[in-house]
Amino acid sequence: MVTCSSDKRKGRSLSGDISRNLFVLLTRKPYINLYSNIVQIIAPQFFESGKVAIEVAMHNFTCWEPITPGKTYQVPLLGQVLSFHIPSVKDKNVRNVKEFPSHVLAPRPVVLRSIMEHDVYNTLRPVLSHIGLVWELVLLNEPIVVFGPSPTATSNFVQTLVSLIAPLRYSNDYRPYFTIHDSEFQEFTSKTHTPSRIILGVTNPYFNKATQHWPNIIILDPDQNKTLKILNPKEQSTSSLRGKPGFYTKFKTIFK
């Protein structure tokens, strides 16, 4: 699983170029919400102070007990405290993570109600009015490319799309954050064959042209409270509309 955060700032050169730093966490377990919160804690300090933040975080991790299903944890991370429960098949009820009075722990713990779920409603708010159509696209393994304003927004959106069909498991490949430097870039953007059945999350404007032949394109608005309109994919290929936020698809729902 991939969780990432980015930092964009002006460089020190005379040209005033914009540089983007990226912090990526690769993990084996699907604890999306837990790892997203870990990234939100580490990334800002990494962007500010560099490798020393990673070193301190790694020292914190060595103090954690092994992550075991069925256990509840209160663990330190870069001056903060994370409080979470690892679910187990033996859990009969959803266990509430214990709340602590403000005077017991300082700083106050970051309490995670769930370690696996994103905020589905807010993440998918731009396409909520088309959620049935989105669900079908994911269920039927249709190719989808998601353009986001940042790696964080893009990866969160793709991870949430894949979770829509739970308890079914998404059977195809998906890349929460895909770049032009990936070894499969040419394969996924080639116009000589049908797009692969995969969900891609991208931020580079170059993909506006490179994937304009894809049948399903979601371009997120920086204001995630705005609802996306369904548009014809052909409109995405016109220079005047290329990159305009919208849900570009000609897919017709099968389930009524």
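Visitor: So helices (H or I, at least four residues) and strands (E, at least two) are DSSP runs, numbered from the N terminus. Where is leucine 78 found, then?

Guide: Leucine 78 is in the loop between β3 and β4 (80-85). This is a predicted model, where local features need pLDDT of at least 70, side-chain atom pairs count only at pLDDT 80 or more, and totals for chains, interfaces and linings use all residues. Residues are numbered from 1 along each chain as its sequence is written, and side-chain values use heavy atoms, with hydrogens and water left out.

Visitor: What is phi at leucine 78?

Guide: Near 50°. That is a positive value in a residue other than glycine. Most residues other than glycine have a negative phi.

Visitor: Buried or exposed, that leucine 78?

Guide: Leucine 78 is buried, with a relative accessible area of 12%. Buried means under 20%, exposed over 50%, partly exposed in between (1.4 Å probe, protein chains only).

Visitor: And asparagine 141, what about its phi?

Guide: Positive, about 60°, although asparagine 141 is not a glycine. Asparagine 141 lies in the loop between α4 (131-139) and β6 (144-147). It counts as buried, at 16% relative accessibility.

Visitor: Peptide bonds next. Where is the cis one that ends at proline 167?

Guide: It runs from alanine 166 to proline 167, with omega near 10°. Proline 167 is in the loop between α5 (151-163) and β7 (173-175). Most peptide bonds are trans.

Visitor: On to α2. How many residues does it have?

Guide: Helix α2 has 13, residues 51-63. From first C-alpha to last it reaches 19 Å, close to the 18 Å expected at 1.5 Å a residue. That expected span is 1.5 Å times one less than the number of residues.

Visitor: Which residues of α2 are buried?

Guide: Ala53, Ala57 and Asn60. Seen down the axis of α2, the buried residues fall within an arc of 55°, so they line one face of the helix. The arc is that of the directions from the helix axis to the C-beta atoms.

Visitor: What do the buried residues of α2 pack against?

Guide: They pack against α1 (32-49) and β3 (72-77). Contact means heavy atoms within 4.5 Å.

Visitor: And which exposed residues are on the face turned away?

Guide: Lys51, Glu55, His59 and Thr62.

Visitor: Last one. Where is valine 24 found?

Guide: In strand β2, residues 18-26. Valine 24 is partly exposed, with a relative accessible area of 39%.
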